[in-house]
Structure formats: C-alpha cells, structure tokens
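Subject: Structure handover

Hello,

The structure follows below, with my notes on it after that. Please read the two together.

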Amino acid sequence: MKTFAGGQFAPPEAEGVCVYRNHCQPCPEGIAIGLANKYYDLARLGGAMAADHYRTLERHASDCIHCGHCNRRCPFGVNQSAHMSEIATCFGE
Ligand code: SF4
C-alpha cells in the first residue's frame, strides 16, 4: 500500500486505477489528466455524452509528449503516459 500527500493510503484495489484525484498534476502540456480518464471510462461504459465532454477539454490525450511526470507522481501506479495513447485512440484526438 502506498501513501501520498496528506498521509492517506492508496487502497490495494485502487492499484493501477485512475481515481481522478489529479495527484499526477501538473502536466507540462496542460492535459486535464483526471478528466480525460473520467470521460474515457464513461465512454467505455457506454456514456453517450462522454465524447462530447472530452472534446470540450482545451488539451487532449493526443497532446501528450510522454514525459512520464504523471507516472512518477501517481500514488496508484497508473501508467498514465500509456493511458494517454489509449484515450487518444478512443476519441481520435
Ligand atoms: S506523460 Fe503526458 S499526460 Fe503525463 S505529464 Fe507527461 S505530457 Fe502530461
């Protein structure tokens, strides 16, 4: 179990799962990583509005330069850099 800012614990079931808390920020490309993940997850669950909401974001997963900053900061061990590629493929940007 990992700890993160504030002394809270990341529960084992959250390992590898984005919970949209933005501990990964700041992204040097200005990507709203938590929201991109949330809309991606909603789209995979069949949320009809998820793609529309995703397109309102100023920056998209396709803007990711794969610097790895978010990966190093995520207390849940999410490979966000790889996730950005999946999200960009899903939404086409
Ligand atoms: S890997 Fe991509 S999403 Fe993560 S901080 Fe770098 S540019 Fe932002």
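Glu93 and Arg55 form a salt bridge, with their closest N and O atoms 3.1 Å apart; the term means a side-chain nitrogen of Lys or Arg within 4 Å of a carboxyl oxygen of Asp or Glu. This pair links distant parts of the chain, since Glu93 sits in the segment after helix 4 and Arg55 in helix 2, 38 residues apart. Helices here are DSSP runs of H or I with at least four residues, strands are runs of E with at least two, and both are numbered from the N terminus. Glu93 is partly exposed at 27% relative accessible area, and Arg55 is partly exposed at 41%. On that scale buried is under 20%, exposed is over 50% and partly exposed is in between, using a 1.4 Å probe and protein chains only.

Please note that this is a predicted model: local features need pLDDT of at least 70, side-chain atom pairs count only at pLDDT 80 or more, and totals for chains, interfaces and linings use all residues. Residues are numbered from 1 along each chain as its sequence is written, and side-chain values use heavy atoms, with hydrogens and water left out.

The structure holds four salt bridges. Another of them joins Arg59 to Glu29, with 2.8 Å between the closest N and O atoms. It also links distant parts of the chain: Arg59 is in the loop between helix 2 (50-55) and helix 3, and Glu29 is in the loop between strand 2 (8-10) and helix 1 (33-44), 30 residues apart. Both ends are partly exposed, Arg59 with a relative accessible area of 30% and Glu29 with 22%. Through salt bridges that share partners, Glu29, Arg59 and Asp63 form one network.

Within helix 1, Asp41 and Arg44 lie three residues apart, about one turn of the helix, and their side chains meet in a salt bridge at 3.1 Å, N to O. Asp41 is buried, with a relative accessible area of 16%, whereas Arg44 is exposed at 54%.

Regards
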